[in-house]
Amino acid sequence: MNEQELIRMDNLIKVFKKNFFSRKSSDVVALDGVSLLLNKGEILGIIGESGCGKTTLAKLLLGLLKPDSGTITFANLKNAEYDVRKPVVQVIFQDPYDSLSHLMTIEEIVAEPCIIKHGEAYDADKVCKALESVGLTPTDEYLNKYPHTLSGGQRQRVAIARAIVTEPDIIIADEPISMLDASIGVDILNLLLDMNEKMGVTFLFITHDIAAAAYICDNIAVMKEGKVVEYGTRKQIISGCRHKYTCTLLSAARGENAVI
Ligand SMILES: Nc1ncnc2c1ncn2[C@@H]1O[C@H](COP(=O)(O)OP(=O)(O)OP(=O)(O)O)[C@@H](O)[C@H]1O
């Protein structure tokens, strides 16, 4: 792998077997030979409709699921001394109402990854810096609050602060704006862009929204039924789509959105 590569995914296959409790009538091929590269400092968009395998791919990268075949190779990680993936790859989930513990203060939530990584002691300054970097200032006003006292956008900012506090190599953002009002969603996209540009954070940005991907991604992989059907730079995808499915997504988005 060259020194710009952070993750190389080679021919990943993941099948969920039909079982007694399954409502599906047959096995589900969630990933069907996915090969992708994630480069340092890049925002790579994974886009596709519900059920195309986006979250399964994220779970494989997080080590929450194992592929049936294929390989994931991590390289050039600044956290390489940690031989587990979790401190290296952090995640922001879709639902800011569900992803934060209701029993923990904002300080405890943001500090938790540091505690997991370093043991009980954590650097309170780091927690404050993380909150500052997501615009939750003055930090004193947030540290002792509980998530239920914050708006959806503020909660998602807490989730982002939690993700960046350990300075991970990669953040997987799994539909981070889909549950937010449009204008708050744009604020969160701008925040991710800012973190990418100023802090060099690498993102895997998972979305069903091609307009959101067009707004922040450097490169975009379009998935359908477990396969990457098209891959290219944002410009190639937006102005020169080749696969019928990508073109359909674009024309549907253009119908409701003048931006792309
Ligand atoms: N644990 C599981 N057991 C059985 N089938 C599963 C499991 N997880 C996912 N699937 C199936 O695998 C396929 C891909 O699911 P996945 O969650 O990766 O899709 P997705 O693109 O992230 O969808 P969404 O946008 O709705 O979250 C779907 O058909 C889903 O029903």
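These legends describe close-up views of one chain in a predicted model.

**View 1. The whole chain, for orientation.**
The chain has nine helices and nine strands. It holds 260 residues, and 40% of them count as buried. Take the contacts in the chain with a separation of 6 or more: 68% of them join residues 24 or more positions apart. The chain is divided into domain 1, which covers 1-82 + 169-180 + 198-252, and domain 2, which covers 89-167.

**View 2. The shell around the ligand.**
Which residues surround the ligand? They are F16, V28, A30, G48, S50, G51, C52, G53, K54, T55, T56 and H208. By class, the shell has four nonpolar residues, seven polar ones and one charged one. Two elements, β2 (28-39) and α1 (54-61), each supply at least two residues of this shell. The biggest share comes from α1, which gives three residues.

**View 3. Helix α1, buried or exposed?**
Helix α1 is mostly covered, with seven of its eight residues buried. The buried residues of α1 are K54, T55, T56, L57, A58, L60 and L61. K54, T55 and T56 also belong to the shell around the ligand. Residues three or four places apart in an α-helix point the same way, because the helix has 3.6 residues a turn. After α1 comes G63, and the phi of G63 is positive, near 80°.

**View 4. The six-stranded sheet.**
Six strands form an open sheet with mixed pairing. Their order is β5-β6-β7-β3-β8-β9. The edge strands are β5 (89-92) and β9 (227-233), and each pairs on one side only. From one strand to the next, the twist averages 20°.

**View 5. Strand β7 and its partners.**
Strand β7 (residues 202-207) pairs with β3 (residues 43-47) in the parallel sense, over five bridges. Two facing pairs can be picked out here. I43 stands opposite F203 in β7. G45 stands opposite F205 in β7. Strand β6 also runs parallel to β7, and five bridges join the two. In this pairing, I170 stands opposite T202 in β7.

**View 6. The two sides of strand β7.**
How many of the six residues of β7 are buried? Six of the six are buried, and the strand is mostly covered. In a regular strand the side chains alternate between the two faces of the sheet. Strand β7 has T202, L204 and I206 pointing one way. F203, F205 and T207 point the other way. Residues on both sides are buried.

Strand β1 (residues 5-16) runs antiparallel to β4, and five bridges join them. M9 stands opposite I72 in β4. Strand β2 also takes part in the ligand shell, with at least two residues.

**View 7. Where domain 1 touches domain 2.**
The centres of the two domains, taken over C-alpha atoms, are 25 Å apart. At the boundary, 14 residues of domain 1 are in contact with 13 residues of domain 2. On the domain 1 side, β6 gives the most, with five residues. By class, this side has ten nonpolar, one polar and three charged residues.

**View 8. Helix α3.**
Which residues of α3 (residues 124-133) are buried? They are V127, C128, A130, L131 and S133. G135 follows α3, and its phi is positive, near 80°.

Terms used:
Residues numbered from 1 in each chain as written. Predicted model: local features only at pLDDT ≥ 70, side-chain atom pairs only at ≥ 80, totals over all residues. Near = placed C-beta within 6 Å. Helix = DSSP H or I, 4+ residues; strand = E, 2+ residues; numbered from the N terminus. Nonpolar A, V, L, I, M, F, W, Y, C, P; charged D, E, K, R; others polar. Buried ≥ 20, exposed ≤ 12 C-beta atoms within 10 Å, placed from the backbone. Pairing = 2+ DSSP bridges. Axes fitted to C-alpha atoms, helices over the stretch in contact; angles between N-to-C directions. Domains from an automatic or database assignment. Contact = placed C-beta atoms within 7 Å.
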